[in-house]
Amino acid sequence: MRKVAVVTGCSYGLGHHISNRLIDEGYFVYGISRSEPPMDLSAYPDTFQWVECDIKSAEEVNIAFREIGTHIDVLVNNAGLYSWGLFKEDFTVKMIDDIIDLNVKGTMYVTREALKFMKEGSDIFFINSVAGLAEMEWEAVYSASKHAITAFAGALGAELSTQLDKIRVTSIHPGGMNTPMQSKHPNRDKLMDPKEVTDTLIHVLKSKATYKTIKLFSDFEWHQ
């Protein structure tokens, strides 16, 4: 039986890169996103299917997984919203709601539905951030959302490791990556290549070891 992966935020950046790599590794990939992915994914229906979904909506997530409707070997919780600035001056209530609703609640909605289709030996990945391990200035809301997912991934991994199905949970915490999300970063040329994160994910998939938290930082970053 062909292995199946679900990747959220597949339309650009790291999610697009992970989707392509999983296809190269022989997986059929269901890509979940609000916007249609590039043609290099959607042009090949025998290896990829786009599922349009705003994961901030529990109802849309439920519908999306009913559409997928098959076993899931790998879930990659990649979708995320980033915003930078001073909390007191720059953050509106809507901005707070959007970040928490997508990064925290949306990730939980997706994981909850995916687990209904996952069996022993499956893998769940959370593409987290260094902001989920450190208290990052100018990233108060984003950091809070990623700390929440750090706790969620840890608790979920403990739960699933004690059950009969034994689903492995891995939280990957990259530093700055050279993706569209960081298009205005002054040191963009020094940021990590998304390939480094993708290679780490594939390594975990092929390994029998138990991974919980993986930290990946660029050399110039202070928070190593």
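Which residue forms a salt bridge with D123? The views below begin with that pair. In this predicted model, local features need pLDDT of at least 70 and side-chain atom pairs count only at pLDDT 80 or more, while totals for chains, interfaces and linings use all residues. Residues are numbered from 1 along each chain as its sequence is written, and side-chain values use heavy atoms, with hydrogens and water left out.

**View 1. The salt bridge of D123 with R168.** The closest N and O atoms of D123 and R168 are 2.6 Å apart (a salt bridge being a side-chain nitrogen of Lys or Arg within 4 Å of a carboxyl oxygen of Asp or Glu). The pair links distant parts of the chain, with D123 in strand 5 and R168 in strand 6 (residues 168-174), 45 residues apart (strands are DSSP E runs of at least two residues, helices H or I runs of at least four, numbered from the N terminus). D123 is buried at 4% relative accessible area, and R168 is likewise buried at 14% (buried means under 20%, exposed over 50%, partly exposed in between, with a 1.4 Å probe and protein chains only).

**View 2. The salt bridge of K94 with D98.** Both residues lie in helix 5, four residues apart, about one turn of the helix, and their side chains meet at 2.7 Å, N to O. K94 is exposed, with a relative accessible area of 58%.

**View 3. The salt bridge of R21 with E25.** The closest N and O atoms of this pair are 3.3 Å apart; R21 is partly exposed at 21%, and E25 is partly exposed at 30%.
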